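Me: I have a model open and would like to learn how to read it. Where do I start?

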Amino acid sequence: MRAPLLALIAWVHAGLIASMALPSSPALADAAQDCRSGSPEMRVGGCSRLLAEARTPRQRAIALDGRCWANIDRGAFADALTDCNSAIRADDQYPYAFHNRGVAYAGLQNPTAAIADFNRALAMRPAFSNTLINRAKANITLGNTQAAIRDYEEVLRLKPDNEEAKSSLNVLRGAAVTSPSLNATNSLCGSVGCN
């Protein structure tokens, strides 16, 4: 008897990640749970098990992208880049993989490549506020203040209560006395290891 089709369920980790809901097998259900929650090491293992069961390009992309994000959380940016590249090869219409590859590039201190990937993700999903925030931070790194301001303004248009965008916009406009814009909680990738 043929196993039920895999169902895709979008989920957010730090504002963005995707996972798969799998057939009723307890082992695969555990892999899906491990891929979307827990420690980064547990997520890498769960996503790797999901990858072994993937049947479609989109399922491969989701599992690889989940592993990419877990590697970002571990500060393993080169491994994250490898997984995101593989996710994009599997399904080049999956915007989360471009976003996460951008974050990996940021962690590798390549803001120009990060911006290119954030642009690709935004072309597919224009209202992706986390991508706008990360692109703004990469633009700040490159000294592109006006581009960063435009991104933060767009975030506030989409999400008027976004405190990070409000605070960063105030800093960029000179309203704040000190500049908290690039600390561990407000880093380009949202991870301490990215700084």
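Reply: Start with a sulfur link. This is a predicted model. The link of Cys 68 and Cys 84 is left-handed, with -90 degrees about the S-S bond. The two sulfurs of Cys 68 and Cys 84 are 2.1 Å apart.

Me: What is a disulfide?

Reply: A disulfide is a covalent bond between the sulfur atoms of two cysteines. Here, Cys 68 is joined to Cys 84 in this way. Cys 68 lies in helix α3 (residues 57-74) and Cys 84 in helix α4 (residues 77-90), so the pair ties together parts 16 residues apart in sequence.

Me: Are Cys 68 and Cys 84 buried or exposed?

Reply: Both Cys 68 and Cys 84 are buried.

Me: How many disulfides does the structure hold?

Reply: It holds two disulfides. Cys 35 and Cys 47 are joined by a disulfide, S to S 1.9 Å. This link of Cys 35 and Cys 47 is right-handed, with 85 degrees about the S-S bond. Cys 35 sits in helix α1 (residues 26-36) and Cys 47 in helix α2 (residues 40-53), so parts 12 residues apart in sequence are tied together. Cys 35 and Cys 47 are both buried.

Me: Now the rings. What describes a pair of aromatic rings?

Reply: Two values: the distance of the centres and the angle of the planes. The structure holds two aromatic pairs. Tyr 94 and Tyr 96 form a tilted pair, 5.3 Å centre to centre and 55 degrees between the planes.

Me: Why is the pair of Tyr 96 and Phe 128 edge-to-face?

Reply: Planes over 60 degrees apart count as edge-to-face. The planes of Tyr 96 and Phe 128 are at 75 degrees, so the pair is edge-to-face. Their ring centres are 5.5 Å apart. The pair links distant parts of the chain: Tyr 96 is in helix α5 (residues 95-107), and Phe 128 is in the loop between α6 (111-124) and α7 (129-141).

Me: Which residues form one aromatic cluster?

Reply: Tyr 94, Tyr 96 and Phe 128. Buried means under 20% relative accessible area. Tyr 94 has 3%, so Tyr 94 counts as buried. Tyr 96 has 14% and is buried. Phe 128 has 2% and is buried.

Me: What lies over the face of Phe 128?

Reply: Arg 125 does, at 4.4 Å from the ring centre.

Notes
Residues numbered from 1 in each chain as written. Predicted model: local features only at pLDDT ≥ 70, side-chain atom pairs only at ≥ 80, totals over all residues. Heavy atoms only, no water. Disulfide = S-S within 2.5 Å. Helix = DSSP H or I, 4+ residues; strand = E, 2+ residues; numbered from the N terminus. Buried < 20%, exposed > 50% of the residue type's maximum accessible area, 1.4 Å probe, protein only. Phe/Tyr/Trp six-rings, centres within 6.5 Å; stacked < 30°, edge-to-face > 60°. Lys NZ or Arg CZ within 6 Å of the ring centre and 35° of its normal.
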